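The structure comes first, and my entries follow.

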Amino acid sequence: MVAKILGTRQLVFFCLLTLMMQLSHPGPAFSEAWLSYQLRTATFEMPANWKVKDHWRDQEYDFTSPDNSMTIWVRWWFPDEPLTGFSDVLSHEKLTLAGQDALLVRSDSGVDRSVKVAFQDTDEEGELLLVQLFSTTASIEQLEDQLFRILKRMLVKGIPALQEQDAATSFGEQSPTYPPLKGYHYNRRGDFSFAALPGWSFKDGRSDGADYTFALSAENDAAILVAHAESTSGKTAKAILDTYLGYLYRNSVLVKSIKAESDPILAGYYFHAIDVVAKLYEIAGTPVPFDRGRVTIYQGGTDYSGFVILTFRKEKGSEAVVPILRRITESLTIGQPVDTSGAMSAEAEGSEDGLQVIGGSDTMADNAPPEGSEWQSQIEKRLKTQCILRSKDEWDHPTYSVMVDAGVDFRFVMQCKDFDHTVFGVSFRYDMRAKTDDYFHPLYFNMIKANNGRPFSFLEVRDYLLASLRRETNGNLLLDFADLDPPDPTVTIARTKDPDIVNTEPQSQPDTAKSQIDDYMLQPQSGILFDGKSLGESWSAMNHYKNHFETLADFTAQGLDIAWQPEDKVNFLGIYSKDPVLWLERFTQGAEARITYKLDGASSKGLVIGLRQSYANEHNVLGNKDYLLSWVQQTNRRFRYQHRLKTREKDGQTIDDVKQILDTFTLILRPSGITVEAKGIPAFELPYEQLLDGAGLRFWAYAISDSQKAGRLTLKEISYEYKRGEAEQPGSPARNVKPLEVATFFDGASTENWEGLDFGDVKFADLSTRNSGEISLSRRANPPNGNRIAFASKGPVIKLDERIERTPYEVEITINPKLSNLSGRIVLTDNPRNYVKAANIAITLEKLTEGPHTGKTKLTLHANHFFYGFWSRLLPEGLVDDSWDGKLTLTFGHKWFRVSLGGDAYITVNSSQVARGRDYHIVFVPGGLWYRTPGEISIRSVTGGWKTPDGMTEMERQHLVDLDKFDADLFADMLASERAAK
């Protein structure tokens with residue numbers, strides 16, 4: 001078992017090291033002493049020479065190693081944030097520990113490394129057992145070794161964390177070897193393809209707006225269903241597929257239990273997959289030859305092009321079909337298969353079960369050398385060895401699965417140095433030498449593991465770059481880059497088609513366009529946010545870790561019905577909006593939003609309503625200072641009602657002994673705070689700092705467990721009415737008082753205080769132009785990687801001091817609004833040469849050229865933690881071209897920030913990045929949000945200064961001017977006059 005987890009070489013090294021340590025400390029104590037500890041249902045042991053640094057009753061133990069190089073936390077943790085998804089995560093994988101699911105996560109922040117294991121079963125307090133190891137000096141492998149030692153001595157609920165059967169598995173279990181596949185099936189109407197084995201039967205059809213293919217193996221022991229949909233004028237692809245999948249759940253696939261979850265990348269799309277046991281009925285009119293089976297359900301894509309895939313096998317059948325189904329799923333291709341342009345649908349004349357056997361192809365030149373031949377001589381010369389060239393279709397190896405999971409465009413393989421060094425011909429969507437560690441570090445780690453620790457190289461065919469990796473004796477990975485010469489021009493190869501780049505866009509709010517941007521209303525003044533009939537485009541399932549929503553929630557004639565029993569082990573379940581569903585436009589004096597909730601209060605056992613600005617994933621509950629309205633059932637079956645901010649209960653409203661949850665209630669939002677309008681509830685206005693003019697609010701509505709650990713909620717509708725206040729007017733000083741000065745930082749001509757920056761293989765001189773009164777930055781069409789030029793201020797332009805607590809600071813940027821390919825980013829950072837990693841605030845403005853919102857202009861703001869802090873608004877086609885003057889105003893308030901295009905086109909957020917002592921450079925970058933988005937931005941001017949308060953006196957002005965403008969004599973005279981007047 002140890003050999004399996006550590007690897008043979010590491011095991012030998014570990015044993016030798018242990019022996020050396022024992023020999024260097026002679027005496028009777030050859031075995032290391034361990035001490036026992038307990039936290040609730042978990043017992044574990046730690047080396048006796050490790051120091052207990054902190055201990056909180058039955059909640060947590062913290063330990064440090066004798067040399068202080070390693071820290072270990074063992075604790076019970078409430079899952080209020082994701083375990084994965086952060087930029088420092090190298091990789092993660094699922095394990096089985098103590099008979100339950102567990103997640104292993106490896107991270108490297110650049111400062112320290114960590115390994116943690118989270119046991120997925122919650123205890124009676126709804127918390128998970130978490131074991132975390134940190135070090136600034138130890139490698140990931142060394143941390144894993146120590147983790148293994150602890151898990152070997154841990155019991156959870158009396159069950160050993162590592163059991164005997166675990167000897168057949170490891171933290172880094174390799175992917176299975178895949179059987180070869182011989183052909184492709186092409187669904188002509190749906191325009192998608194996937195691989196299959198000879199003898200499989202196929203049926204193409206269309207249902208509920210989705211085009212599908214159902215395929216059944218010759219042995220009747222496996223099947224696959226692939227459905228594809230594209231958006232229509234009335235529905236997104238996701239909405240169409242939700243309807244189609246709902247039909248399958250009701251009629252064909254009756255889910256009985258959920259076994260696992262994953263998030264693969266297929267055909268360039270992100271998918272969510274669940275593995276279930278289900279009772280099966282006929283699929284697409286074809287009976288499934290087994291009535292109960294293991295089904296893996298994949299759903300993914302974008303709002304305008306999406307897929308649902310289901311793979312079927314017998315519940316207790318042969319495991320041999322598992323790699324076949326996985327390989328078929330991974331072969332999904334948009335359009336015709338790249339190897340067989342002549343693949344035929346099941347209805348095509350002359351087809352054999354709709355299967356096109358891979359052989360000759362009309363798209364490939366007769367007798368053309370295979371792809372990779374143009375690089376072979378150069379690679380052999382560089383590695384000083386002969387190499388054997390193989391096509392990607394010949395490569396059945398665990399590394400293939402790693403690259404597929406990472407969305408790598410894999411082209412060919414060269415096996416060199418007597419098969420000890422493999423070169424993978426690839427094309428990445430990201431630049432390996434840019435700041436893309438969050439993508440490449442996990443890929444490198446997983447590739448070296450799948451390659452059994454052997455060295456290998458990536459040959460980036462578009463960038464002419466060779467990246468070679470090898471593992472050093474201390475376990476660290478060493479990465480070398482080498483620029484290559486262009487490929488041999490004398491070799492004309494049969495090249496496969498490059499995949500399309502997929503761009504996803506968030507949903508827009510309903511449009512009500514007017515003639516001028518100053519009069520434009522971005523959202524209607526009333527509407528239905530949730531209709532009780534479906535999740536629609538705005539809502540998503542909020543799950544307590546496992547995907548319980550699929551089995552414990554249903555849309556009925558009464559609305560969304562959620563119910564669970566104690567044995568389901570659910571603490572909360574409901575819905576939330578991933579994007580804002582209500583924007584506080586002109587949320588000034590007199591503004592009011594009324595949000596009305598309708599539900600079946602008598603049957604509901606516990607409810608939480610929440611509001612916040614920032615995003616969260618489906619497993620997050622609301623965080624500190626977020627708004628909560630809740631009815632929590634007590635042991636006497638009556639409810640505690642609370643209207644509060646999280647962790648600020650004493651500042652809110654609490655009412656005990658409430659009989660039941662109300663059928664109808666309304667949240668009233670005003671600039672001064674939130675009031676609940678409900679029968680029998682006294683009015684209480686709760687101040688809420690996230691209610692800012694221009695803020696976008698995300699919504700939560702979820703059931704929570706009652707006193708018996710069961711849950712029930714029937715939610716019928718959420719609607720709103722909105723009354724806007726008066727538009728904010730510019731401030732004017734008192735009579736005979738000058739307004740505060742505005743400084744010019746860039747006038748379109750002089751670049752004395754600005755510099756052009758090159759990144760990677762892009763050159764500022766090649767992709768920038770100087771026109772009369774502006775400088776233009778551009779990206780090439782179809783750029784080969786993520787590199788971009790940038791135009792940055794040499795010094796900080798925004799310098800926030802104590803004045804920000806008196807009045808906001810404003811920066812006005814003027815760009816050319818008429819560019820047909822307008823697309824650019826404005827980044828605020830203290831390190832412009834590393835702006836990607838060091839960005840504090842980022843604004844993106846881009847005219848969309850694909851997808852359902854083509855022609856519209858999208859404004860996106862990132863602030864705070866970019867994983868959670870992002871907001872987007874869409875302007876209708878033509879509005880920016882016809883009405884906008886090209887001015888963006890950036891407003892820095894006291895702990896809030898706003899970007900505005902004028903009128904109602906603005907976004908405001910709370911931000912800790914805006915406070916006294918913060919200094920920011922401005923960096924202009926061409927292109928949009930996505931790493932290969934082309935585009936152009938032309939900058940005409942940048943000005944800035946402190947905003948003149950309305951009615952500002954001369955005394956107040958002297959408090960706000962820069963030091964070099966401060967008039968000490970005038971200030972002294974005013975003080976003397978003020979004193980004399982008293």
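I looked up which strands contribute to the second largest cavity: strand 52 (823-829) and strand 53 (839-847) each supply at least two residues of its lining. Strands here are DSSP runs (E, at least two residues), numbered from the N terminus. A cavity is a set of points, on a 1 Å grid over the protein atoms alone, where a 1.4 Å probe fits but cannot get out, and lining residues have an atom within 4 Å of a point.

The model is predicted, and local features need pLDDT of at least 70, side-chain atom pairs count only at pLDDT 80 or more, while totals for chains, interfaces and linings use all residues. Residues are numbered from 1 along each chain as its sequence is written, and side-chain values use heavy atoms, with hydrogens and water left out.

I noted the lining of this second largest cavity as I815, G824, R825, I826, I843, T844, L845, L888 and I937. I recorded its volume as about 30 Å³, a volume being the space filled by probe spheres set on the points.

I then turned to the largest cavity, which holds about 40 Å³ of space. Its lining includes W76, F119 and D121.

Finally, I looked up an open sheet of 6 strands, in the order 24-25-26-27-28-29 with mixed pairing. Two strands pair if DSSP finds at least two bridges between them. I found strand 24 (387-391) and strand 29 (477-483) at the edges, each pairing on one side only.

Definitions and conventions. Helices (H or I, at least four residues) and strands (E, at least two) are DSSP runs, numbered from the N terminus. On a 1 Å grid over the protein atoms alone, a cavity is a set of points where a 1.4 Å probe fits but cannot get out, and a pocket is an open set with protein on both sides within 12 Å along at least five of seven lines; lining residues have an atom within 4 Å of a point.
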